[in-house]
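I opened this notebook to keep track of what I looked up, entry by entry. Each entry takes one topic and stays with it.

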Amino acid sequence: DNDKSRAHALAAKIASDFGEKPEEFEGYALVGDPSSIAERIAQYTALGVRHHVLSTFLTESKNTLLHTLRLFSEEVMQSV
């Protein structure tokens with residue numbers, strides 16, 4: 001999401017649905033606004049990771065999924 005607080009709120013809900021604490025979920029999931037996610041991917045790249053496999057984008061609805069995919073492709077992928 002473009003709004004970092006909305007992204008973290010959704011992550012907390014998803015974590016709860018999985019029976020996890022938000023901190024645990026955010027330890028392995030990419031959560032935040034596009035710049036935060038690009039920074040996290042850059043950290044992995046700096047550690048030597050050369051291929052990233054994103055298995056799923058967890059969202060609230062189909063419309064949210066399309067918005068998330070658009071943000072990822074236009075803002076995150078362009079900066080990593």
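The entries below go from the overall fold to single contacts.

**Entry 1: ground rules.** I noted that the model is predicted, that local features need pLDDT of at least 70 and side-chain atom pairs count only at pLDDT 80 or more, while totals for chains, interfaces and linings use all residues. Residues are numbered from 1 along each chain as its sequence is written, and side-chain values use heavy atoms, with hydrogens and water left out.

**Entry 2: overall fold.** I looked up the secondary structure and found 4 helices and 0 strands, which run α-α-α-α from the N terminus on. Helices here are DSSP runs of H or I with at least four residues, strands are runs of E with at least two, and both are numbered from the N terminus. For the extent, I read that the C-alpha atoms fill a box of roughly 30 × 25 × 20 Å along the principal axes.

**Entry 3: aromatic rings.** I then asked how many aromatic pairs there are, and the count comes to 3. Rings of Phe, Tyr and Trp (its six-membered ring) pair if their centres lie within 6.5 Å, and planes under 30 degrees apart count as stacked, over 60 as edge-to-face and the rest as tilted. Phe 25 and Tyr 28 make an edge-to-face pair, with 5.5 Å centre to centre and 75 degrees between the planes. Both residues lie in helix α2, 3 residues apart, about one turn of the helix. Phe 25 is buried because its relative accessible area is 5%. A further edge-to-face pair is that of Phe 57 and Phe 72, at 5.4 Å centre to centre and 70 degrees between the planes. Phe 57 lies in the loop between α3 and α4 (62–76) and Phe 72 in helix α4, so this pair ties together parts that are 15 residues apart in sequence. Phe 57 is partly exposed at 27% relative accessible area, whereas Phe 72 counts as buried at 12%. I also wrote down that ring pairs link Phe 18, Phe 25 and Tyr 28 into a cluster.

**Entry 4: salt bridges.** I searched the whole structure and noted 2 salt bridges, each being a side-chain nitrogen of Lys or Arg within 4 Å of a carboxyl oxygen of Asp or Glu. The side chains of Asp 1 and Arg 6 meet at 2.8 Å, N to O, and Asp 1 is partly exposed with a relative accessible area of 30%. The side chains of Asp 17 and Lys 13 meet at 3.1 Å, N to O, and these two residues both lie in helix α1 (residues 4–17), 4 residues apart, about one turn of the helix. Is Asp 17 exposed or buried? Asp 17 is exposed, because its relative accessible area is 54%, while Lys 13 counts as partly exposed at 45%.

**Entry 5: a surface patch.** Leu 30, Tyr 44, Leu 47 and Leu 54 form a nonpolar patch on the surface, with about 370 Å² of accessible area together. Patch residues have over 30% relative accessible area and no salt bridge, with like charges joined within 9 Å and nonpolar side chains (Val, Leu, Ile, Met, Phe, Trp, Tyr) within 5 Å; areas come from the Shrake-Rupley method with a 1.4 Å probe, and for residues only the protein chains shown count as cover. I placed Leu 30 in the loop between α2 (22–28) and α3 (34–46), and Leu 30 counts as partly exposed at 31% relative accessibility.

**Entry 6: polar contacts.** A polar contact is a pair of N or O atoms within 3.5 Å; within protein, one must be able to donate a hydrogen and the other to accept it, and residues adjacent in sequence count only if both atoms are side-chain atoms. Ser 61, in the loop between α3 and α4, has a side chain joined to that of Thr 64 by such a contact of 2.9 Å. In the segment after α4 I found Gln 78, whose side chain reaches the backbone oxygen of Ser 73 at 3.5 Å.

Conventions
Buried means under 20% relative accessible area, exposed over 50%, partly exposed in between (1.4 Å probe, protein chains only).
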